[in-house]
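Work through the exercises below with the sequence and the model open. Each task is followed by a solution in steps.

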Amino acid sequence: SNPFEVKVNRQKFDILGRKTKNDVGLPGVSRSKAIKKRNQTLLKEYKEREKTNVFKDKRFGEYNTKISPEEKMIRRFTLERQQNYGKKNIYNLNEDEELTHYGQSLAEIEKLNDIVDSDSDTEERGTLSAELTAAHFGGGGGLLRKKVSSEQQDEEEEKPKSRKELIEEMIAKSKQEKQERQTRRESALELTEKLDKDWKEIQTLIARKTPKSERKDKEVEKPKPDEYDMIVRELGFEMKAKPSERLKTEEELAKEEQARLQKLEADRLRRMHGIDEEANKKRPSHMSADDLADDFILDKDDRRLLSYKDGKINIENEEEKEEEEEGEEDDEGEGEEEDNENEEESQEESASEDEEDGAADSHSDLESDLESEEEAAGNKEEKKHKANENEPENVEKLDPKREAAKSELPYTFAVPESYETFKSLLAGRTIEQQLIILERIQKCNHPSLAVGNKAKLEKLFGFLLEYIGELATLDLPELRTIDRLVLPLYNLCQMFPEAASDSIKFILRDAAHDLGEIIEVKGRATFPGLDTLVYLKIVSLLFPTSDFWHPVVTPAFMYMSQLLTKCRITTLQDVIKGLFVCCLFVEYVSLSRRFAPELINFLLGILHISLPKSQAQGYTVVHPFTQVGKNLELLLVCDEEDLKSWEKQNVPLSIVTRLKETSRTEINHTRLSCLALCFDLIKKCAALYESLPSFHEIMHPVKILLTQHVPVNEYPEKLQEWYHSALKELENKVKHYTPLIREKKKPVPLKQYTPKIVKVLEFGKKQAGSKKEQERKQLIQRHKRELKGAIREIRKDNQYLARMQLSETMERDSARKRKVKELLGSLATQEGEWKAMKRKKWKN
């Protein structure tokens, strides 16, 4: 079939209750289907229209192809039983139908009753003698009985084995097989060794040494190795790369870091309490009388010289020597001292432990040793107590290592539950120590180490954000500290982006709400504090600013636009804050190049307040700037000495809090720096928006102010350079006008969730009337459509029957003509034969 002739009728929508008329195939497929259907229905009825003796097969399931033959037989059998079952057998439950086989009852056959022969009257009919069966079949009679009795005796003797006996027998067999395999292996090894020895003896006899002359010839004839072979050999001897260890997961790294910090904290606590770990390790353990001291090692010679003083053993000198040695060890850093009270407590504890061990073990060989140790300890304590009484009570010997351990930062921290505890944890610390504390809090409480650590660290982000805002609201804001704290804030934001965005959105929502309330009450507002400006800067560091829409950056963008349009400029602090917001605007749109009209308007207003009142005419300014007012010359500098002494420098944000304490010269220098920053921002905006079609219309008011109204000659030389660079950036841009062109394609509307239902009116028909009338009209129309379809089908059926009748008549006519021809032919042959016979007669 030609694939180009295939016709495919596709249905756009599936409608319930509607018959599908989609056919896939060659042209005329639907017509062939209709003819086939009429052949099965109309043609069959047409052929059987006058027949009354048609045989109908009424057997159950004869034409049902879904039922198997076995199931057909079972159902037919049940139907037959139901038909034969009459009323007389309704209450007869024991009577079953009798099954037969070749006319004989199966019940009688199963009884195995043989027919009795009348001639043989013996009682033992059908049995054979024992001799006959023994001779022909090998048994029978007494022999069979003897055999059966012997088998019974053997079975009684051979009782079935238990499970344990079977397992033991299996183990014995496996051991025997293993032993046999071992012996076979040993014998094979012995034979191979013997063969090797014999071969070596034979090889010495067969070996023949070549003479030196032949060796030299062979050496000369030996070819030199090829470069390729040398390279291959070198590669074979090269060291192969060993597989490196796999990279550890984040959870494994967190666990290792937590274990390391816990170990360091334990060491710090041990040093802070003055506990010598080596001394604890060398503490003698309990030894019984049966111990032979095999692992004894003599570390040092602890024997003492025997000395006498006034006829008595000098024990004090020995104790002094011991104390001196201990002091030397402490100075060398090998051990650490303890206070007298701690020593007494440890001795008491050790004595009590020894007593408990002795009581528990009840060893008789330890009693004497314990008593002697207690006596010696008591004498030593008495002497130390006397020596301590001689010293002043207020003087305490402090160990420098313990002091260093106390002053050292802990290595493990718990996440603070409230802001007060968090603030107290960082209070009085340097910025480096604060960063270390925040880092250790994150490492010790990683989300993968415990279940509740995630929620705790999410709270930590909010505490750190609040702490940064508090640092920004101080009289002397610690901006450098804030700058260093942004790094842990960024790390927490990467770990928990949703919680971070919620915290910052909450701050921005409050700030926007406060700004809206002030504008509603007073009609104007002032710029917020440094904390809000710092938060806006942090948003650009934590979140992407180039997205078309972002849940944090977009509200921040809207809030900044409100600041530049709603907050009035009354002081120099407002100018600095506004320029800071302008810098944030440029930073936000540096990648997306989004047009911000508030930014251009604010820079135009900054140029406006830097002009003298005589030149502030011939142009218009927009809110929050006014054409006239007391704040018109806010950035105007008239002092020539201040103009000459000015040098370009960055305007720090912290100057906002200490601007009142500065001198007039510094204020004038700040004004000139703000103006230079304005020129710089104009230059950046020109480079940012140069690709816009309406660039020149946007920057035209700024260009007019720069060329016609700004007193350039009165500015310092460096400020004039900034001015000319900004003006040059505006003038060098080529006009990019694009004519308005009608779109070729209709814009695609946005997808909506609620469908728009529009009633389609049929052309040329009246739709007026009530709902019932419309339904009645629809029913009439549907009836007409169905009637037309029925008439069409009837007409096609009549045409089909007419074709069938025509074909039958044509077949009958053709058969009649054929028979007439056959008859005429036979008559012609008969006539010829008759004439031939007549001629013969006449001849005769």
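**Exercise 1.** Classify the lining of the largest cavity by residue class.

Solution. The model is predicted. A search of the whole structure finds 3 cavities of 30 Å³ or more, and the largest cavity has a volume of about 70 Å³. Next, list its lining: Ser610, Leu635, Leu636, Val637, Leu643, Leu672, Leu675, Pro711, Glu714 and Tyr715. Sorted by class, this lining has 8 nonpolar, 1 polar and 1 charged residues.

**Exercise 2.** Describe how helix α19 and helix α21 pack: what are the angle and the axis separation?

Solution. Start with the ranges: α19 covers residues 479-495 and α21 covers residues 530-542. Their axes are 10 Å apart, at an angle of about 45°. The two helices are therefore oblique to each other. As for handedness, α19 passes α21 in a right-handed crossing. On the α19 side, Leu479, Ile482, Val486, Leu489, Tyr490, Cys493 and Gln494 take part, and they meet Val534, Ile538, Leu541 and Leu542 of α21. By class, this contact has 10 nonpolar, 1 polar and no charged residues.

**Exercise 3.** Determine whether the crossing of α22 and α23 is left-handed or right-handed, and list the residues in contact.

Solution. Helix α22 (residues 553-566) packs on helix α23 (residues 572-588) at about 145°, with the axes 10 Å apart. The crossing of α22 past α23 is left-handed. From α22, the contact uses Val553, Ala556, Phe557, Met560, Ser561, Leu563 and Leu564; from α23, Gly578, Val581, Cys582, Leu584, Phe585 and Tyr588. The class count for this contact is 11 nonpolar, 2 polar and no charged residues.

How values were computed
Residues are numbered from 1 along each chain as its sequence is written. This is a predicted model: local features need pLDDT of at least 70, side-chain atom pairs count only at pLDDT 80 or more; totals for chains, interfaces and linings use all residues. Side-chain values use heavy atoms; hydrogens and water are left out. Axes are lines fitted to C-alpha atoms, for helices over the stretch in contact, and angles run from 0 to 180 degrees between N-to-C directions. Helices (H or I, at least four residues) and strands (E, at least two) are DSSP runs, numbered from the N terminus. Angles under 35 degrees count as roughly parallel, over 145 as roughly antiparallel, 65 to 115 as roughly perpendicular and the rest as oblique. A crossing is left-handed if the near helix is turned anticlockwise from the far one by less than a right angle, and right-handed if clockwise. Contact means heavy atoms within 4.5 Å. Ala, Val, Leu, Ile, Met, Phe, Trp, Tyr, Cys and Pro count as nonpolar, Asp, Glu, Lys and Arg as charged, and the others, Gly among them, as polar. On a 1 Å grid over the protein atoms alone, a cavity is a set of points where a 1.4 Å probe fits but cannot get out, and a pocket is an open set with protein on both sides within 12 Å along at least five of seven lines; lining residues have an atom within 4 Å of a point. Grid points are joined across faces, edges and corners, and a volume is the space filled by probe spheres set on the points.
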